[in-house]
Amino acid sequence: MKRLIINADDFGLAPGVNRAIVELQRAGALSSTTLMATAPYFSPAVYLAFAQPALSVGCHIVLVDGSPLLRPDEVPSLLDPRRPAAVSLRPTVGSFLRDLMRGRIREEEIQAEAIAQIRRIQLSGVTVSHIDSHKHIHAFPRALAPLLRAAKHCGVDCVRNPFEPWWSLRATRVASAWRRAQLHAMRSQRPAFSRLIKEYGMLTADGSIGVLATGTLDEQALRSMLQAMPGGTWELVCHPGYRDRALEEAHTRLLSSRDTERSALLEVIPEAVRKDPELLLTDFHQVGARVAG
């Protein structure tokens with residue numbers, strides 16, 4: 001079987017994002033999402049999640065490009081030192097990783113902030129299926145270890161495997177050289193990721209697809225990846241939405257591309273599932289249940 005988790009990131013970011021995620025799940029074009037506990041439209045997203053119980057909901061942990069959930073005095077090392085007057089996290093992955101490697105970010109504060117974000121979702125009544133992270137911060141072991149400790153503390157046993165397999169990278173025709181270089185560099189962290197996943201007893205998919213195509217995921221790219229996909233359990237990472245005023249005011253580079261992704265998922269996924277009896281949409285709840293069984 002080819003098991004595919006189709007996960008939409010950024011649930012809670014904007015009304016148009018929330019609306020698209022629910023519509024896609026109802027249409028059989030999406031199976032999972034990750035909710036941002038610090039997002040401005042968190043509460044409406046929770047309401048929609050209750051109205052759509054078949055939608056699997058994880059936690060999209062935010063450690064960069066946002067604001068912390070905990071008080072500034074509880075996570076001082078996570079705050080952007082270049083903006084002392086603002087209560088904000090570091091704006092980029094590069095600045096976060098540089099300070100993490102220099103010992104300027106405390107792992108216990110990463111863990112505490114992650115626990116707070118997961119707990120906020122759980123306390124809303126939503127069962128958290130898995131964790132992933134904004135900008136794939138958890139691909140790097142010094143961030144991953146405290147995030148896994150946080151997940152285990154909260155009773156969450158599944159995590160995104162953020163590494164894209166070669167067959168999916170080759171199937172992605174449209175991507176910048178810089179984006180490809182970033183993903184190739186990130187792949188060097190894969191052995192450490194596998195070691196920590198085993199050490200903490202976590203469950204994950206065989207890999208993620210669509211990471212390279214972020215911002216350029218259209219019908220052609222989606223069909224190409226599905227055609228190349230072998231047996232196993234894979235997670236399609238996507239960012240669908242409707243471009244609305246709230247999205248334009250959010251700090252995101254993904255604007256019109258969200259409309260393109262939404263249309264591509266609607267056009268391609270239900271048809272692919274109907275035509276391919278070996279293709280099964282799944283989610284992280286089912287990954288955990290299958291292992292336990």
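Reply: In this predicted model, Cys 158 has a relative accessible area of 3%, so the residue is buried. The cysteine sulfur closest to that of Cys 158 belongs to Cys 59, and the two sulfurs are 14 Å apart, which is too far for a bond. Cys 59 is buried as well, because its relative accessibility is 0%. For the sulfur of Cys 59, the closest cysteine sulfur is in Cys 154, at 8.5 Å, and this too is too far for a bond. A disulfide needs two cysteine sulfur atoms within 2.5 Å. The structure as a whole holds zero disulfides.

The other part to look at is the second largest pocket, with a volume of about 150 Å³. Two helices each supply at least two residues of its lining: H9, which covers 219-228, and H11, which covers 256-275. Of the elements that contribute, H11 gives the most, with four residues. The lining includes Arg 223, Leu 226 and Gln 227, along with Val 268, Glu 271, Ala 272 and Lys 275. Lys 2, Met 229, Asp 276 and Leu 279 are also among the lining residues. By type, the lining of this pocket divides into five nonpolar residues, five charged residues and one polar residue.

Key. Residues are numbered from 1 along each chain as its sequence is written. This is a predicted model: local features need pLDDT of at least 70, side-chain atom pairs count only at pLDDT 80 or more; totals for chains, interfaces and linings use all residues. Side-chain values use heavy atoms; hydrogens and water are left out. On a 1 Å grid over the protein atoms alone, a cavity is a set of points where a 1.4 Å probe fits but cannot get out, and a pocket is an open set with protein on both sides within 12 Å along at least five of seven lines; lining residues have an atom within 4 Å of a point. Grid points are joined across faces, edges and corners, and a volume is the space filled by probe spheres set on the points. Ala, Val, Leu, Ile, Met, Phe, Trp, Tyr, Cys and Pro count as nonpolar, Asp, Glu, Lys and Arg as charged, and the others, Gly among them, as polar. Buried means under 20% relative accessible area, exposed over 50%, partly exposed in between (1.4 Å probe, protein chains only).
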